[in-house]
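Please look over the structure below. This report covers its pocket, its strands and a few side-chain contacts.

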Amino acid sequence: MSDANPAGDWPPNIQAVFKRMAPASRYLGLEILEADKENRTVKVAFNATADLCNMWGGIQGGMVAAMLDDVMSLAVGLDLEWGQISPTLELKVSMLNAARPGRIIGTGRVIKRGKSVGFIEGELTDEVSGKLLATGSSTATFVTLKKKAPEGEGAQA
(Lines give C-alpha, C1' and ligand atoms only; values in the text may rest on other atoms or scores of the structure.)
Protein backbone atom coordinates (compact mmCIF):
# COMPACT_ATOMS: atom_id res chain seq x y z
CA MET A 1 0.00 0.00 0.00
CA SER A 2 1.20 3.49 -0.74
CA ASP A 3 2.42 5.79 2.02
CA ALA A 4 -0.43 8.09 1.02
CA ASN A 5 -2.75 9.12 3.81
CA PRO A 6 -5.72 6.71 3.85
CA ALA A 7 -7.79 9.38 5.61
CA GLY A 8 -7.07 11.82 2.79
CA ASP A 9 -9.45 13.05 0.15
CA TRP A 10 -9.74 9.72 -1.67
CA PRO A 11 -12.99 8.62 -3.38
CA PRO A 12 -15.00 6.04 -1.37
CA ASN A 13 -13.85 3.02 -3.41
CA ILE A 14 -10.19 3.91 -2.80
CA GLN A 15 -10.85 4.57 0.90
CA ALA A 16 -12.41 1.10 1.07
CA VAL A 17 -9.20 -0.45 -0.30
CA PHE A 18 -7.14 1.36 2.33
CA LYS A 19 -9.57 0.23 5.02
CA ARG A 20 -9.76 -3.43 4.01
CA MET A 21 -7.94 -4.61 0.90
CA ALA A 22 -9.30 -7.72 -0.81
CA PRO A 23 -7.11 -10.78 -0.21
CA ALA A 24 -6.62 -11.26 -3.97
CA SER A 25 -5.40 -7.67 -4.37
CA ARG A 26 -3.03 -8.12 -1.44
CA TYR A 27 -1.70 -11.33 -3.02
CA LEU A 28 -1.03 -9.42 -6.27
CA GLY A 29 0.88 -6.76 -4.29
CA LEU A 30 -1.51 -3.87 -5.04
CA GLU A 31 -0.34 -0.38 -4.08
CA ILE A 32 -2.49 2.64 -4.96
CA LEU A 33 -0.44 5.54 -6.33
CA GLU A 34 -2.92 8.01 -7.83
CA ALA A 35 -6.66 8.40 -8.30
CA ASP A 36 -8.14 11.20 -10.38
CA LYS A 37 -11.90 11.18 -9.83
CA GLU A 38 -12.58 13.99 -12.30
CA ASN A 39 -10.81 12.23 -15.18
CA ARG A 40 -11.74 8.74 -13.91
CA THR A 41 -8.17 7.47 -14.04
CA VAL A 42 -6.05 5.52 -11.60
CA LYS A 43 -2.42 4.55 -11.34
CA VAL A 44 -1.32 1.64 -9.18
CA ALA A 45 1.71 -0.58 -8.68
CA PHE A 46 1.75 -4.32 -8.26
CA ASN A 47 4.72 -5.59 -6.31
CA ALA A 48 4.74 -8.96 -8.06
CA THR A 49 6.54 -11.82 -6.35
CA ALA A 50 7.70 -15.18 -7.68
CA ASP A 51 4.52 -16.66 -6.13
CA LEU A 52 2.64 -15.30 -9.16
CA CYS A 53 4.86 -17.11 -11.69
CA ASN A 54 4.38 -20.12 -13.90
CA MET A 55 7.03 -22.83 -14.16
CA TRP A 56 9.04 -20.78 -16.69
CA GLY A 57 9.44 -17.76 -14.43
CA GLY A 58 6.90 -15.47 -16.07
CA ILE A 59 3.86 -14.16 -14.24
CA GLN A 60 0.99 -16.52 -15.01
CA GLY A 61 -1.53 -15.05 -17.47
CA GLY A 62 -4.45 -15.31 -15.06
CA MET A 63 -2.51 -13.19 -12.57
CA VAL A 64 -1.86 -10.58 -15.27
CA ALA A 65 -5.59 -10.58 -16.06
CA ALA A 66 -6.39 -10.19 -12.34
CA MET A 67 -4.05 -7.18 -12.15
CA LEU A 68 -5.82 -5.55 -15.09
CA ASP A 69 -9.22 -6.37 -13.58
CA ASP A 70 -8.15 -4.69 -10.32
CA VAL A 71 -6.90 -1.51 -11.96
CA MET A 72 -9.91 -1.17 -14.27
CA SER A 73 -12.33 -1.85 -11.41
CA LEU A 74 -10.68 0.89 -9.37
CA ALA A 75 -11.02 3.35 -12.27
CA VAL A 76 -14.70 2.67 -12.96
CA GLY A 77 -15.51 2.74 -9.26
CA LEU A 78 -14.12 6.23 -8.67
CA ASP A 79 -17.51 7.92 -8.68
CA LEU A 80 -19.47 5.23 -6.85
CA GLU A 81 -20.99 6.03 -3.49
CA TRP A 82 -20.48 4.06 -0.26
CA GLY A 83 -22.39 0.80 -0.53
CA GLN A 84 -22.03 0.50 -4.30
CA ILE A 85 -19.78 -1.92 -6.18
CA SER A 86 -18.86 -2.41 -9.85
CA PRO A 87 -18.67 -6.12 -10.73
CA THR A 88 -16.93 -7.00 -13.99
CA LEU A 89 -19.26 -8.34 -16.68
CA GLU A 90 -16.68 -8.88 -19.41
CA LEU A 91 -12.87 -8.81 -19.53
CA LYS A 92 -10.52 -8.93 -22.51
CA VAL A 93 -6.76 -9.14 -22.04
CA SER A 94 -3.96 -8.93 -24.61
CA MET A 95 -0.59 -10.26 -23.41
CA LEU A 96 2.09 -8.30 -25.27
CA ASN A 97 5.30 -9.17 -23.41
CA ALA A 98 6.20 -11.56 -20.62
CA ALA A 99 5.65 -10.08 -17.18
CA ARG A 100 8.33 -10.91 -14.63
CA PRO A 101 8.46 -10.52 -10.85
CA GLY A 102 9.10 -6.96 -9.72
CA ARG A 103 7.20 -3.72 -9.76
CA ILE A 104 4.51 -3.47 -12.43
CA ILE A 105 2.67 -0.21 -13.03
CA GLY A 106 -1.02 -0.37 -13.87
CA THR A 107 -3.13 2.43 -15.27
CA GLY A 108 -6.87 2.40 -15.80
CA ARG A 109 -9.30 4.84 -17.35
CA VAL A 110 -13.00 4.96 -17.95
CA ILE A 111 -13.89 5.24 -21.63
CA LYS A 112 -17.64 5.68 -21.10
CA ARG A 113 -19.91 5.49 -18.10
CA GLY A 114 -23.66 5.11 -18.32
CA LYS A 115 -26.32 4.66 -15.64
CA SER A 116 -25.88 0.90 -15.30
CA VAL A 117 -22.64 -0.02 -17.10
CA GLY A 118 -19.16 1.37 -17.64
CA PHE A 119 -16.48 0.67 -20.26
CA ILE A 120 -12.89 0.72 -19.09
CA GLU A 121 -9.37 0.27 -20.48
CA GLY A 122 -6.17 -0.57 -18.66
CA GLU A 123 -2.54 -1.37 -19.23
CA LEU A 124 0.40 -2.81 -17.36
CA THR A 125 4.01 -1.75 -17.85
CA ASP A 126 7.29 -2.87 -16.36
CA GLU A 127 8.43 -0.06 -14.07
CA VAL A 128 12.14 -0.47 -14.83
CA SER A 129 12.11 -0.95 -18.62
CA GLY A 130 8.84 0.86 -19.37
CA LYS A 131 7.90 -2.07 -21.62
CA LEU A 132 4.18 -2.50 -22.22
CA LEU A 133 3.27 -5.92 -20.83
CA ALA A 134 -0.49 -6.21 -21.32
CA THR A 135 -3.58 -4.23 -22.18
CA GLY A 136 -7.17 -4.89 -21.29
CA SER A 137 -10.70 -3.69 -21.68
CA SER A 138 -13.72 -4.48 -19.58
CA THR A 139 -17.37 -3.80 -19.04
CA ALA A 140 -18.67 -3.38 -15.50
CA THR A 141 -22.11 -2.97 -14.00
CA PHE A 142 -23.12 -0.95 -10.95
CA VAL A 143 -24.78 -2.56 -7.96
CA THR A 144 -26.02 -1.06 -4.70
CA LEU A 145 -25.57 -3.50 -1.86
CA LYS A 146 -28.48 -4.13 0.47
CA LYS A 147 -27.94 -3.14 4.07
CA LYS A 148 -27.82 -6.03 6.49
CA ALA A 149 -30.68 -6.20 8.96
CA PRO A 150 -29.55 -5.75 12.56
CA GLU A 151 -29.12 -9.03 14.39
CA GLY A 152 -32.44 -10.38 15.64
CA GLU A 153 -34.47 -8.49 12.98
CA GLY A 154 -34.26 -11.06 10.19
CA ALA A 155 -37.02 -13.13 8.67
CA GLN A 156 -38.81 -15.33 11.15
CA ALA A 157 -39.77 -18.96 10.55
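## The largest pocket

A pocket here is an open set of grid points with protein on both sides within 12 Å along at least five of seven lines. Its volume is the space filled by probe spheres set on those points. The model is predicted. In this model, the largest pocket has a volume of about 870 Å³.

Lining this pocket are 26 residues. Nearest its centre lie Asn13, Ala16, Val17, Gln84 and Ile85. H1 gives the most, with 5 residues. By residue class, the lining divides into 13 nonpolar, 8 polar and 5 charged.

## Strand S5 and its partners

Strand S5 covers residues 102-113 and pairs with strand S2 (residues 41-48). The two run in the antiparallel sense, over 8 bridges. Within this pairing, Asn47 has Arg103 of S5 as its bridge partner.

S5 also pairs with strand S6 (residues 117-126). This pairing is antiparallel too, with 9 bridges. Here Arg109 stands opposite Glu121 in S6. S5 and S6 form a hairpin, and 3 residues lie between them.

## Gly106

Is Gly106 buried or exposed? Gly106 is found in strand S5. Its relative accessibility is 0%. The cut-off for buried is under 20%, so Gly106 counts as buried.

Gly106 can also be placed relative to Glu127. The two are 21 residues apart in sequence. In space, their C-alpha atoms are 9.5 Å apart.

## Ring contacts

How many aromatic pairs does the model hold? The count comes to 1. The pair is formed by Trp10 and Phe18.

Another ring contact involves a charge. The charged end of Arg113 sits over the ring of Phe142. The distance to the ring centre is 3.8 Å.

Conventions
Residues numbered from 1 in each chain as written. Predicted model: local features only at pLDDT ≥ 70, side-chain atom pairs only at ≥ 80, totals over all residues. Heavy atoms only, no water. Pairing = 2+ DSSP bridges. Helix = DSSP H or I, 4+ residues; strand = E, 2+ residues; numbered from the N terminus. 1 Å grid on protein atoms, 1.4 Å probe; cavity = no way out; pocket = protein on both sides within 12 Å on 5 of 7 lines; lining within 4 Å. Nonpolar A, V, L, I, M, F, W, Y, C, P; charged D, E, K, R; others polar. Phe/Tyr/Trp six-rings, centres within 6.5 Å; stacked < 30°, edge-to-face > 60°. Lys NZ or Arg CZ within 6 Å of the ring centre and 35° of its normal. Buried < 20%, exposed > 50% of the residue type's maximum accessible area, 1.4 Å probe, protein only.
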